[in-house]
Amino acid sequence: MNVLPKLSCLAIGLALSTAASAADAKLAKTADALVDGVMAEVITARRYLHEHPELSNREVDTSAYVAAKLQALGYAVQTGVARYGIVAVLKGGKPGPVVALRADMDGLPVAEEVALPFASKVKSTYDGKDVGVMHACGHDTHMAMLLGAAEVFAKMKASLPGTVKLIFQPAEEGRPAGEEGGAELMVKEGVLTQAPVPEVIFGLHVLTQYETGKLAFRAGGLMASTDNLNITVKGKQTHGAIPWNGIDPIVVSAQIINALQTVVSRQIDITQGAAIVTIGKIDGGVRNNIIPDEVRMKGTLRSLDPKWRLVLNDAVRRTIVKTAEASGATATVGIGDEYSYPVTYNDPALTERMRPTLARIAGAGNIIETTPQTVAEDFSFYQQKIPGLFVFVGVKKPGASGDEYAPNHSPRFKVDEAGLPLGVRTLVGLTLDYLTDKGSK
């Protein structure tokens, strides 16, 4: 047996592997330096976007601003996706896979109470009411960080081993009544199936729950599914003095609310996955001495496991209908008829694969294996189609109190801009490490 050719092949393989590792390290070092160079523009973009927020499915000027930036960087830009969404593609100078990155674009109907020189003074109309508009969930920072990453990729185009597909998505906070929107509509319009087709998708979200410099994530269910709950209880109107002549939907509604509290405690295996049932609105009756015909209630259902989400929804529907029937009333139930987000589920294999990247970017002592969040994110629609990883970026100044850095959706929400470079590095690092890892295999 001639072993010399095999030894030569092994030596060649080791040499190529060493050369590839050196090239990857050089690419990462170049990217790191480029991130430093784009941060002034990231801050400028963030402050402009913060001062000019727009509501869900109304991101007209926001879309135009982002598209112009991307076109100037040399991206192939498609606008008008899912109303005001943008898809931008940059093909690298070397062959490789396609990675998608997503940022959300919409603000909230919240009047800002933070004294910033670039605070929002925008007014609009939401659900028939005059409201202030604010980036109270950090979407301005998400757009700015992805624009920063886009500039880094553009400057590295010749050495980029693959293709990046940037998704700037409208209406993450929920579409207006009667409209389609958000990630669900972007997926429906082919953002993940039209060429170039991405293998994976990465996204991030700033949170004041974590200090600047920290990254938080977990494999599996990171954020809950959410389904709206609409209930109409129909009874029989009568005078409040003679309740036996009617069927009181207010009493029945109270019984339903109490019964729903037993769904999670008695019908869901809480060792397998958390679940939440919340009633947030009740509307019924016009006068103190008239029992009405009907009562309407609104609520939300949440779960951290796709299987238990189905169990929860079935149990809630059954409990409502049967409780009403027991009193001679009827109940109609709508679950997910206004909005419905799946579980934000980090692909376990992808998460473990990218864990070293997160540790390298933030430092091993600055990555947090977080507990699940029971809020929801429509990034989950992308993760239903391709493997995805979603990461939290800390933006609370170290040592600051929670009162100083209010939670997301608060009119007093603010971010420590010193946390934004880590967000840009995360988007760039995850992308480059995935591209180079695939390219070397």
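Q: Which residues are buried in α2?

A: Buried means under 20% relative accessible area, exposed means over 50%, and partly exposed lies in between (1.4 Å probe, protein chains only). Helices (H or I, at least four residues) and strands (E, at least two) are DSSP runs, numbered from the N terminus. In α2 the buried residues are Thr62, Ser63, Tyr65, Val66, Ala67 and Leu70. This is a predicted model, in which local features need pLDDT of at least 70 and side-chain atom pairs count only at pLDDT 80 or more, while totals for chains, interfaces and linings use all residues. Residues are numbered from 1 along each chain as its sequence is written, and side-chain values use heavy atoms, with hydrogens and water left out.

Q: What span should helix α2 have, and how far apart are its end C-alpha atoms?

A: The expected span of a helix is 1.5 Å times one less than its number of residues. Helix α2 (residues 60–72) has 13 residues and should therefore span 18 Å; its end C-alpha atoms lie 19 Å apart, which agrees. Just after α2, Gly74 takes a positive phi of about 95°.

Q: Where does α7 bend?

A: The bend at a residue is the angle between axes fitted to the seven residues ending there and the seven starting there. In α7 the bend is about 40° at Met354, and a proline, Pro356, follows within four residues. Met354 is itself among the buried residues of α7, which also include Leu350 and Leu358. The 15 residues of helix α7 (residues 348–362) should span 21 Å, and the end C-alpha atoms are 20 Å apart, which agrees.

Q: Which residues touch the most other members of the largest nonpolar core?

A: A nonpolar core is a set of buried Ala, Val, Leu, Ile, Met, Phe, Trp, Tyr and Cys residues joined through side-chain atoms within 4.5 Å. The largest core here has 68 residues, and those touching the most other members are Leu70, Tyr75, Phe153, Leu166, Phe168, Phe202 and Val428. Helix α1 (residues 4–51) gives the most to this core, with ten residues. A second, separate core of 25 residues includes Met186, Val191, Tyr210 and Leu222. As for Tyr75, a contact means heavy atoms within 4.5 Å; beyond residues up to four places away in sequence, Tyr75 touches Leu70, Phe153 and Leu166, among others.

Q: Which strands does β3 join through bridges, parallel or antiparallel?

A: Strands of a sheet pair through backbone hydrogen bonds, either parallel or antiparallel. Two strands pair if DSSP finds at least two bridges between them. Strand β3 (residues 94–104) runs parallel to strand β6 (residues 161–169), with eight bridges, and parallel to strand β7 (residues 200–211), with four. Asp104 stands opposite Gln169 in β6, and Ala100 has Ile201 as its bridge partner in β7. Eight of the eleven residues of β3 are buried.

Q: What is the order of the open sheet of four strands?

A: The order is β12-β14-β10-β15, with antiparallel pairing. β12 and β15 (330–341) stand at the edges with a single partner strand each, so one side of each is left without a neighbour in the sheet. Nine bridges join β12 to strand β14 (residues 294–303), and Gly284 stands opposite Val295 in β14.

Q: Where is Gly285 placed?

A: Gly285 is in the loop between β12 (275–284) and β13 (290–291). Gly285 counts as partly exposed because its relative accessibility is 38%. Leaving aside neighbours within four places in sequence, Gly285 is in contact with Pro292 and Glu294.
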